[in-house]
Amino acid sequence: MKVSPLSEALGVEVTDVQLAELDGAALDALKTQVFENGIAVIRDQQLSPEQHIAFAKRWGGIDVNPFFPTNSGWPEIAEVRKAETQRVNIGGGWHTDHSYDEIPAMGSILVARELPPSGGDTLFASMGAAYDSLSDGLKQTLDTLRAVHSADHIYQPGGFYSKTDQAAELTGQELSTRAVHPVVIRHPVTGRKLLYVNAGFTLHFEGWTREESLPLLAYLYELGAREEFQCRVEWQPGSVAIWDNRATWHLAMNDYHGHRRVMHRITLTGDPIAA
Ligand code: OGA
Ligand code: MN
């Protein structure tokens, strides 16, 4: 297994390994890479859907996302797709998957199935680096706050996707989600402090109105999206990305209109998160 950094802030590229054949020690080494670096892209894989599912189960449970279309034969696999004719993609703004759940997903394993001829990269941002960059004063204030998260404004009727050409594909519009989490969490494995609000799903600070919360949230969203905290995954056929939702944000670039992109995602169940 060969590992090299994707950027100064986070991410590693892993080569010379086949995920379908990892022994226990190599899997532990890969988990450590993901927990310490936030995201790993593993190149040149030939993972069938069955192998994708079997590999995901070695990380813990599978969290079936109720909103994305599943891949017909495999209910554990969500399809993240954009057709030649569609204009809106899935995950096109900075977000963390499932922060609207009481126990948010630990991470995701995304397999590239059909890629556009160019573009369609995924950007990741380090919430550890973003937190570290704050002043002691703001760190102390944020350490005491909790925030309310929901996906209702994204997936419910009248929500973000309902007004787009992704609406017909999505499911679960009747569901309501809501969770309250500390604004600063500790990574359960590395112990690193992480900023845990995101533009996709965080509504407001607990006990604050949305109007009161927005200026500070907007500041944190701008901070977290600074280039110095990012890395970029350029997908290739056979690429697989594994990311840690507690430690990172991500954003799917929507720069390939007229071309099809299909990714297979398995979401991994998490542990309770805490300050
Ligand atoms: C996701 C997502 C990113 C991408 O699957 O959660 O945001 O690049 N996808 O497709
Ligand atoms: Mn996502």
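# A guided tour of the ligand 1 site and beyond

At 6% relative accessibility, N89 counts as buried; buried means under 20% relative accessible area, exposed over 50%, and partly exposed in between (1.4 Å probe, protein chains only). This is a predicted model in which local features need pLDDT of at least 70, side-chain atom pairs count only at pLDDT 80 or more, and totals for chains, interfaces and linings use all residues. Residues are numbered from 1 along each chain as its sequence is written, chains are lettered from A and ligands numbered from 1 in the order in which they are written, and side-chain values use heavy atoms, with hydrogens and water left out.

**First stop: N89**

Please select N89, which lies in the loop between β6 (74–82) and β7 (107–114). Helices (H or I, at least four residues) and strands (E, at least two) are DSSP runs, numbered from the N terminus. Which backbone oxygen does the side chain of N89 reach? That of A252, at 2.9 Å. This is a polar contact, defined as a pair of N or O atoms within 3.5 Å; within protein, one must be able to donate a hydrogen and the other to accept it, and residues adjacent in sequence count only if both atoms are side-chain atoms.

**Second stop: ligand 1**

Next, select ligand 1 and display its surroundings. The shell consists of V80, G91, H95, D97, L110, T122, W243, H250, A252, R261 and R265; a residue is counted as near a molecule or strand if one of its heavy atoms lies within 4 Å of it. By class, four of these residues are nonpolar, four polar and three charged. Here Ala, Val, Leu, Ile, Met, Phe, Trp, Tyr, Cys and Pro count as nonpolar, Asp, Glu, Lys and Arg as charged, and the others, Gly among them, as polar. Colour the strands β16 (248–252) and β17 (261–268): each supplies at least two residues of the shell.

Which side chains place a polar atom by an oxygen atom of ligand 1? For R261 the distance is 2.7 Å. For H250 it is 3.0 Å, and for H95 an N or O atom of the side chain is 3.2 Å from a ligand oxygen. The protein covers 99% of the 290 Å² of accessible area that ligand 1 has on its own; such areas come from the Shrake-Rupley method with a 1.4 Å probe, and for residues only the protein chains shown count as cover.

Ligand 1 sits in the largest pocket. On a 1 Å grid over the protein atoms alone, a pocket is an open set of points with protein on both sides within 12 Å along at least five of seven lines, whereas a cavity is a set of points where a 1.4 Å probe fits but cannot get out; lining residues have an atom within 4 Å of a point. A molecule sits in either one if more than half of its atoms lie within 2 Å of its grid points.

Now select W249 in strand β16. W249 counts as buried because its relative accessibility is 1%. A polar atom of its side chain lies 2.9 Å from the backbone oxygen of V197.

Proceed to D244, in strand β15 (residues 240–244). Is D244 buried or exposed? D244 is buried, with a relative accessible area of 0%.

Most residues other than glycine have a negative phi. D16, however, has a positive phi of about 60°. D16 belongs to the loop between β2 (12–15) and α1 (24–37) and is exposed, with a relative accessible area of 61%.

Finally, select D44, in the loop between β3 (39–42) and α2 (49–57). D44 also has a positive phi of about 60°, although it is not a glycine. With a relative accessible area of 48%, D44 is partly exposed.
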